[in-house]
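Work through the exercises below with the model open. Try each task before reading its solution.

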Amino acid sequence: MLTLRTASRVLKVLKTTQICEQPFHRWLAPTLRELKRRKDSLDPEKPVHRKTFLEWNYDTEIYAFSKRLGEEFNNDLLQQALTERSYIIREEERQKNVGIEQPTLNLFDNKELVSKGSDFIDDVVKRYLRTVLPRLPEEGIIGIHKYLTSIETLSHVSFHIGTSELILCAEFPVEKLTLSNVLKSITAALVESSGDSRAALFVRDFIITQIADKDLHQFWEPEEPIKLLSEILARDNIQSPEPRLIGCSGKNTILACFRVGLYTPHNKQMIGLGFGETVDIAHEMAARDSLRQLFGTPDNILLPFNLELNQLCASTVKNLFVNEWSQKILPTRPIHYELREAKEISSN
């Protein structure tokens, strides 16, 4: 039989185990809901630049930025590349407002670097495209180049490498044009800091790779493909291809599908295949497929993104225009898979 002292000890242990030590406030959840409701009723908060934070250190951020990119920059050139003219004008006005008649700022804007970087990017992109796509007409090279050097593409790259928080400009958030110009100026700063070869790798890895998941045919599609195909074959002394209906399904229904093939009359080989809801559409798609095979841009094309500057064609070399394109006068430059094999052999 338990004694009184033992019973009191057992009750004390049971009481302490049943008590919840974690405090619980009934007012917490309603308060949080009310704060959330008030926050939603207000206008969206304006984005705040990171320089307003206490731990902001611009020199440290620039150093970390260059290390994230894996590049060696001249610090003065990198800071100049990130400085817009609007920022210098605003700082001069601030000094005048506090009584400084002749403001002195040890800053230089990136206008000159933007021009140099733009020329360098244009040159590298065109040379790269002409090297890996030697059969594509010059109109296609221009279309892809226009996409890669557009403000949308360059601003997208610039934003995602982290320049928006480092740019010194009057406006925030930073405009797309400013982001694009800063990427060009950073490229020029890298050219002067590490040389053309290193800057070309930067352009290849961050700009040219933007077409890796894109359909190249969306940048340039020839008009009247059937007529164009006949003209190109005629330059090679080949008669116009013969369209043949290979198969069809769902005829006379809303889900009709026709398959048309194009054959060369002299050797009866199929040079193109197309599908469509009508015979005419399938014929046109077959002509487009034939042109893609001739131009070396099939749907399953794999572009190499491992070429260096010394492997690219010269700046003066241009592809044939579509109105003079012929297999007889194509350049002898290697196509993309041959370049990849050469690169693998040299690495081994």
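Two strands pair if DSSP finds at least two bridges between them. Helices (H or I, at least four residues) and strands (E, at least two) are DSSP runs, numbered from the N terminus. This is a predicted model, in which local features need pLDDT of at least 70, side-chain atom pairs count only at pLDDT 80 or more, and totals for chains, interfaces and linings use all residues. Residues are numbered from 1 along each chain as its sequence is written, and side-chain values use heavy atoms, with hydrogens and water left out.

**Exercise 1. The chain as a whole**

Task: State how many helices and strands the protein chain has, and what percentage of its residues count as buried.

Solution: Start with the secondary structure. The protein chain has 13 helices and three strands. Next, take burial (under 20% relative accessible area, exposed being over 50% and partly exposed in between, with a 1.4 Å probe and protein chains only). Of 348 residues, 39% are buried. Last, take contacts, meaning heavy atoms within 4.5 Å. Among contacts in the protein chain with a separation of 6 or more, 66% join residues 24 or more positions apart.

**Exercise 2. The sheet**

Task: Find the strand order of the open sheet. Which strands stand at its edges?

Solution: Step one is the pairing of β2 (residues 257–263) with β3 (residues 270–276), which is antiparallel over six bridges. One of the bridges joins Tyr 263 to Met 270 in β3. The two strands make a hairpin with six residues between them. In that turn, Lys 268 has a positive phi of about 60°.

Step two is β1 with β2: antiparallel again, over seven bridges. Here Gly 247 has Arg 259 in β2 as its bridge partner.

The order is β1-β2-β3, in an open sheet of three strands. β1 (242–249) and β3 each have a single partner strand, so they stand at the edges, with one side of each lacking a neighbour in the sheet. The twist averages 20° from one strand to the next. Axes are lines fitted to C-alpha atoms, for helices over the stretch in contact, and angles run from 0 to 180 degrees between N-to-C directions.

**Exercise 3. Two partners of α6**

Task: Classify the angle of α6 to α9 and of α6 to α7.

Solution: Set the classes. Angles under 35 degrees are roughly parallel, over 145 roughly antiparallel, 65 to 115 roughly perpendicular, and the rest oblique.

Take α9 as the partner. The axes of α6 (residues 111–132) and α9 come within 7 Å and cross at roughly 85°. That makes α6 roughly perpendicular to α9. Residues of α6 in this contact include Phe 120 and Ile 121, while those of α9 include Ala 188 and Val 191.

Now take α7. The axes of α6 and α7 are 10 Å apart, at an angle of about 135°. The two helices are therefore oblique to each other. The contact includes Val 125 and Leu 129 of α6, and Ile 141 and Ile 144 of α7.

**Exercise 4. A helix and its neighbours**

Task: List the buried residues of α8 and the helices they pack against.

Solution: In α8 (residues 151–160), the buried residues are Thr 153, Leu 154, Ser 155, Val 157 and Ser 158. They pack against α7 (138–148), α9 (176–194) and α10 (196–206). Just after α8, Gly 162 has a positive phi of about 95°.
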